[in-house]
Amino acid sequence: MRHLWIALPFVVACVPMEPPEALPPDPLALVALRDLDPDPKVVEVSIEAAIGTQEYLPGKPAEVWGYRDASLDGSPVRVPGPTLEANQGDTIVVHFRNALPVPTTVHWHGLRLPAGADGSTSTQDPIQPGGTYEARFVAGDAGTFWYHPHVHADEQIERGLQAAFIVHEPEPVEAAADRVLILDDVKLEATGRLSTTTDALDVMLGRQGNVLLVNGLNHPRLSTRPGARERWRFIDSANGRYFRLHMPGRSFQVIAWDGGLLEAPYQTDELLIAPGERYEVLVEPGAELETLHYDRGHEVPDPGPKALFSVDVAGDPVAPLPAYAGGGGTAARALVSPSTPVRRAVLREQDDEAGLRFLINDQAWPFNTPVMVETGTTEIWEVENNSDMDHPFHIHGLFFEILDVGGRPPIAIGAKDTLNIPQHQTARLAVRYGALGMWMFHCHILEHAERGMMGVLMVMP
Ligand code: C2O
Ligand code: CU
């Protein structure tokens with residue numbers, strides 16, 4: 001057409017308009033793992049953890065540890081790794097191989113599954129270098145989850161072992177695009193390599209990097225059309241960084257968090273996401289997404305706002321979609337009564353000759369007394385943060401519901417597995433015990449978990 005245009009401008013000008021140009025390929029799109037099983041109700045994937053390279057800074061490759069799709073010859077290690085995508089109710093079969101020089105595990109953060117498949121060290125021995133592992137479970141809950149190691153997680157996740165796990169609802173919420181946005185940061189040297197020094201501040205706050213990443217990219221651009229309502233699934237995979245999201249001139253309709261769709265959505269201009277948490281929003285994108293300063297205690301040196309990515313809004317406008325009214329629902333709160341037993345967990349920091357340690361009920365992992373409970377029962381967990389900084393509290397293998405935080409009821413009703421507990425506040429959670437076995441609970445600031453702020457929950461028949 002170009003030659004024609006040059007040669008015959010008058011003719012071409014009269015030709016009917018061509019359809020609008022396809023949008024440029026999306027740099028933020030994540031690669032999905034290949035499903036090896038033709039059965040539509042089974043997702044069978046093959047994942048390898050291996051050493052790779054990633055250019056966080058252009059032209060300056062960094063050695064990373066990451067996941068790759070082992071079913072495809074030559075598929076590279078990626079940070080974040082390839083997404084595991086399934087429909088609610090699918091059986092998931094994972095063949096895993098550890099090609100790293102160190103032992104690792106794969107934990108499916110947020111999924112309710114049999115304890116043996118949870119991938120934490122309370123239920124399995126780490127997979128040795130060259131070793132393999134198989135996991136099989138049903139993805140019973142729709143939502144945004146993620147997978148990552150549960151051995152030296154502070155080091156292994158930071159080096160790049162992290163990926164999304166998306167379970168679609170049978171009737172997906174209508175949106176012009178469905179994007180997974182993994183928020184992270186890395187501490188880079190001038191060479192572009194990952195810093196290997198952990199200083200006192202890294203331990204105290206959870207390592208905060210000097211480069212912000214969205215899906216492994218520093219300040220990318222995404223493209224959309226005017227009026228397009230998009231579904232954005234945020235995952236905070238950082239060791240310690242909180243993201244307080246803001247899009248000037250726009251607001252987010254929050255439709256889901258950790259455990260899936262909320263009973264009713266809510267509207268907000270700012271969305272705080274702590275490490276380990278997920279939030280899903282409907283948004284008509286504006287020009288830029290930024291993260292604002294958040295006071296998480298101990299005078300964290302991260303003034304905001306900082307840009308995360310820019311949006312090019314161009315092309316033909318998109319017809320508006322009907323308003324979304326909600327439809328998720330959870331049940332644990334309904335099971336709480338004045339006679340529900342209360343269990344207390346006090347989060348505390350201690351700095352003494354032994355160094356900086358992080359404690360739950362004055363115990364430091366791995367030297368904990370397991371919390372023994374009975375399946376099918378419900379308890380209220382009163383989690384008191386008795387320290388000068390926030391801690392995102394995570395429980396494996398179940399969802400809980402927020403009763404209140406600092407005495408205030410939650411902004412919405414929905415299932416959580418990770419909740420930020422602000423400095424010197426207490427959260428009350430309705431916890432319903434499900435699958436049998438040993439589960440972990442911990443602060444999702446990874447340096448804190450690995451330095452003691454982790455406990456063990458034994459769910460018995
Ligand atoms: Cu993502 Cu035990 O955690
Ligand atoms: Cu913590």
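Contact here means heavy atoms within 4.5 Å. Welcome to a predicted model, in which local features need pLDDT of at least 70, side-chain atom pairs count only at pLDDT 80 or more, and totals for chains, interfaces and linings use all residues. Residues are numbered from 1 along each chain as its sequence is written, chains are lettered from A and ligands numbered from 1 in the order in which they are written, and side-chain values use heavy atoms, with hydrogens and water left out.

**View 1. W108 and its partners in the largest nonpolar core.** Setting aside neighbours within four places in sequence, W108 is in contact with I47, L84, V94, L113, A117, D118, A135, F137, W146, Y147 and F165. A nonpolar core is a set of buried Ala, Val, Leu, Ile, Met, Phe, Trp, Tyr and Cys residues joined through side-chain atoms within 4.5 Å; buried means under 20% relative accessible area (1.4 Å probe, protein chains only). The largest such core has 95 residues, and W108 and L457 touch the most other members. Strand β1 (residues 42-57) supplies the largest share of this core, four residues. Apart from this core lies another, of 11 residues, including A62, V79, V186 and V211.

**View 2. The copper ion (ligand 2) and its protein donors.** Look for H391 (ND1), C443 (SG) and H448 (ND1), which lie 2.0 to 2.1 Å from the copper ion. Donors are N, O and S atoms within 2.8 Å of the metal (3.2 Å for Na, K and Ca), and sites may look incomplete because water is not among the atoms. Along the chain, the donors follow the spacing H-x51-C-x4-H. H391 in strand β24 (residues 391-395) and H448 in helix α5 (residues 446-450) are 57 residues apart, a pair that links distant parts of the chain. Helices (H or I, at least four residues) and strands (E, at least two) are DSSP runs, numbered from the N terminus. Both H391 and H448 are buried.

**View 3. The largest cavity.** About 60 Å³ of space lies here, lined by R241, Y242, T291, L292, H293, D302, P303, G304 and K306. A cavity is a set of points, on a 1 Å grid over the protein atoms alone, where a 1.4 Å probe fits but cannot get out; lining residues have an atom within 4 Å of a point.

**View 4. The second largest cavity.** This one has a volume of about 40 Å³. Its lining includes H148, H150, A153 and H442, and α5 gives the most, with three residues.

Conventions:
Buried means under 20% relative accessible area, exposed over 50%, partly exposed in between (1.4 Å probe, protein chains only). On a 1 Å grid over the protein atoms alone, a cavity is a set of points where a 1.4 Å probe fits but cannot get out, and a pocket is an open set with protein on both sides within 12 Å along at least five of seven lines; lining residues have an atom within 4 Å of a point. Grid points are joined across faces, edges and corners, and a volume is the space filled by probe spheres set on the points.
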